[in-house]
Amino acid sequence: MATKIDKEACREAYNLVRDDGSAVIWVTFKYDGSTIVPGEQGAEYQDFIQECTDDVRLFAFVRFTTGDAMSKRSKFALITWIGENVSGLQRAKTSTDKTLVKEVVQVVHEEGGWNDDQNGSRCLLGSWVIVVDFQRWP
């Protein structure tokens, strides 16, 4: 069955992350059967990381603040997560399904995916590398 996306609901969640006045800094887009829908959202990166488990595949739109005290800017990243226990067929479909998400998520500064390493996880976003140390989090 072909994958669909709930554009209206996903766009609403996407706009929450884009709004600088909103506390929401990330949202996930997950699969509900063969439809991509908004998943969880939050104001803490740690909560987002906990959504990335071995048995799920999801997309996330995340806001990062860059710059110094005099010049802060928001940057946005589109992250694809595919857990270790996701089947080969689902893995393959994720790359084509990403085009549906990109119909909604149109302002992205960087794209990337998570790569597990021995000390935690590393998010490769173009020229950025974000290292997450799971062992330091409760």
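This is a predicted model: local features need pLDDT of at least 70, side-chain atom pairs count only at pLDDT 80 or more; totals for chains, interfaces and linings use all residues.

The side chains of Arg 57 and Asp 97 form a salt bridge, with 3.7 Å from N to O. Arg 57 belongs to strand 4 and Asp 97 to helix 3, so this contact ties together parts 40 residues apart in sequence. Arg 57 has 13% relative accessibility and also counts as buried, since the cut-off is under 20%.

Stay on strand 4, residues 57–68, and move to Arg 63. Its side chain meets that of Asp 20 in a salt bridge, 3.8 Å from N to O. Asp 20 sits in the loop between helix 1 and strand 2 (26–32), so the pair links parts 43 residues apart in sequence. Colour the two by accessibility. Arg 63, at 6%, counts as buried, whereas Asp 20, at 60%, counts as exposed.

Next, select Lys 7 and Glu 103. Their side chains make a salt bridge at 2.9 Å, N to O. Lys 7 is in helix 1 (residues 7–18) and Glu 103 in helix 3 (residues 88–104), so the pair ties together parts 96 residues apart in sequence. Lys 7 is partly exposed, at 38% relative accessibility. Glu 103 is partly exposed too, at 36%.

How many salt bridges does the structure hold? It holds 3. To finish, display the pairs together: Arg 57 with Asp 97, Arg 63 with Asp 20, and Lys 7 with Glu 103.

How values were computed. Residues are numbered from 1 along each chain as its sequence is written. Side-chain values use heavy atoms; hydrogens and water are left out. A salt bridge is a side-chain nitrogen of Lys or Arg within 4 Å of a carboxyl oxygen of Asp or Glu. Helices (H or I, at least four residues) and strands (E, at least two) are DSSP runs, numbered from the N terminus. Buried means under 20% relative accessible area, exposed over 50%, partly exposed in between (1.4 Å probe, protein chains only).
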